[in-house]
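I opened my notebook to keep track of what I looked up, one stop at a time. Come along and follow with the structure beside you.

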Amino acid sequence: MTTRSPATYRPNTAFDLLRLPVIGRLLRSRWGRLTFQIPLAIIAIAVILDGLTGPPEAARNLATVTPWVQYRGLVVVALLLVGNLFCMGCPFTMPRTLARRLSIRGRRFPLLLRNKWLAIASLFGLFFIYEWLDLWASPVLTAWVAIAYFVASFVLEAVFTESAFCKYVCPLGTFNFVYATLSPTQIGVKNADVCASCGGKECVNGSYAPEPVIRVDTIPIAGTGDTVAKTVTDGPQGTLGCGTLLFAPQISSNLDCTFCLDCVRACPHANIGLMARTPGRELARPGAWPQRWDISLLPVMLTFIGLTNAFAMVPPVYELQRWLVEVAGLRSELLVLLLIFVVGNLLLPALAAGLAAQLSRLLTDTRKKYSLRATVAAFAPTFVPLGFGIWFAHYSFHFLIAPFSVIPIAQEFLGLPGAWEQFSGGLSVEAIGLLQVIVLLGGLAWSAWLTQRAALRLYGRRGFIGQLPWMLLLLILVFIAIQIFAQPMEMRGTEFLFS
Ligand code: SF4
Ligand code: SF4
């Protein structure tokens, strides 16, 4: 085994966004995250208050419009243009930080649950209860969902040492983790030699200690071969380490990164940055994601959930429900919906990915060389761009149809007259339709390119034939998406503006 001696790495030359004037300094500062969290916490409190005490009409209440229309419309833009900004400003983690200090010597999340199966279940559960309980139409229920979020994140954080809620449970965080893999930024270290000489690994262990702890690190000076002795003090003023247990020098993906920047603040050698990168770079890199069934099925399932979520808002879903009642004999609305969701969100994606992988292995005669799991893992990242395109097409419809309708709702919440006439306009359905086609085809092209690269990497000269099952699956998915978005969609959260 070869060991890497210090000064064998080249410094990272990527542009560090934390070096930007003002904003970079603010983000690096001790209170940087709080600056983003406080406005979002105020919004979350307003959402809960309006939900519990405000008008019952969904389109006039902050509880239904803010999370189900505004948040979802903005989060996809932020993920694409910058990164996981919502997790960075997430108000649910404010009580969590207090809880984490309580649990610093607590126990770890159960080994059996340290994967994405719980997150897949909570994603499934959230979208199911959204549809079953009509959350989009119920300010009161939505307010209780927000309260449940605060409680769950606090309890899990208080009991377990790591940020179990963010890493293993939160459906919103899981969505953001998956689609932040498209983002043009990623946490990275500036000089890996410094990490090799770092005694405390504070980025993951934290610089917090009940009593001051002093040590001296011998840090190499980049490009010179010289070293410098640096005194490091961890203590009560220190920062917690990475809640999701990522080790900065080894980060190869945005999966599990909440963009909290705790690692940046904890690193005693100022060696971590928020680096610019080619958007989606990790999706084309073998080994960037762990080769596990839960991680591999997640982006495939999210793509299918995106389709089911949109399908539940167009007329053919009522035809299907009627058929299931009259022909299949299902009498309960709950059972009908459950069947559609289990088949559409869990069974179909698992079967489709398994079948495509099996066909690829047969066509290229690589059954002995690559296991089913390895094949699915190699092609799973290719679903991210198309899946994102589907979500973007859906969320942008609800958002762009009346992007400023939250302003009169907020005015009414504050006891002022709502300027509805002024703020109820938006893009035309035709313009949004054009945007939907562009993002769907853009997502397809990006996914197809990734598929081709994965197939060439795995199968070499037989790459063309090996990619065919996956290309066919992508084409079927985009065809279904276009069919769904061509239907008249329910104006959830904005309906009374158009009645
Ligand atoms: S990123 Fe900072 S804290 Fe982490 S190992 Fe490197 S130098 Fe140490
Ligand atoms: S501490 Fe962990 S989750 Fe937070 S920004 Fe750093 S790597 Fe990402």
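I began with ligand 2, whose shell holds, by class, 8 nonpolar, 2 polar and 1 charged residues. For the classes, I took Ala, Val, Leu, Ile, Met, Phe, Trp, Tyr, Cys and Pro as nonpolar, Asp, Glu, Lys and Arg as charged, and the others, Gly among them, as polar. This is a predicted model, where local features need pLDDT of at least 70 and side-chain atom pairs count only at pLDDT 80 or more, while totals for chains, interfaces and linings use all residues. Residues are numbered from 1 along each chain as its sequence is written, with chains lettered from A and ligands numbered from 1 in the order in which they are written.

**Around the ligands.** I listed the residues surrounding ligand 2, and among them are C242, C257, C260, C263 and D262. I counted a residue as near a molecule if its C-beta atom, placed from the backbone, lies within 6 Å of it. Next I turned to ligand 1, which has 13 residues around it, the closest being C195, C198, C203, A248 and C267. Its shell has 9 nonpolar, 2 polar and 2 charged residues. Helices α10 (192–196) and α11 (202–205) each give at least two residues to that shell. Helices (H or I, at least four residues) and strands (E, at least two) are DSSP runs, numbered from the N terminus.

I then followed β2 (residues 213–220) and β3 (residues 227–234), which run antiparallel and are joined by 8 bridges. Strands pair if DSSP finds at least two bridges between them. I found T218 bridged to A229 in β3. Between the strands lie 6 residues, and G223 takes a positive phi near 75°.

**A helix with a kink.** Which residue is the kink in α21 centred on? I found P469 there, with a kink of about 35°; the bend is the angle between axes fitted to the seven residues ending at a residue and the seven starting there.

I noted that P469 is buried, as are W470, L473 and L477, among others in α21. Buried means 20 or more other C-beta atoms within 10 Å of the residue's own, with C-beta atoms placed from the backbone. The buried residues of α21 pack against α13 (293–311), α15 (333–364), α16 (372–379), α17 (383–400) and α20 (429–459). For contact, C-beta atoms, placed from the backbone, must lie within 7 Å.

**One last residue.** I looked up T93 in helix α5 (residues 93–102). T93 counts as buried because it has 27 C-beta neighbours inside 10 Å.

Conventions
Buried ≥ 20, exposed ≤ 12 C-beta atoms within 10 Å, placed from the backbone. Contact = placed C-beta atoms within 7 Å.
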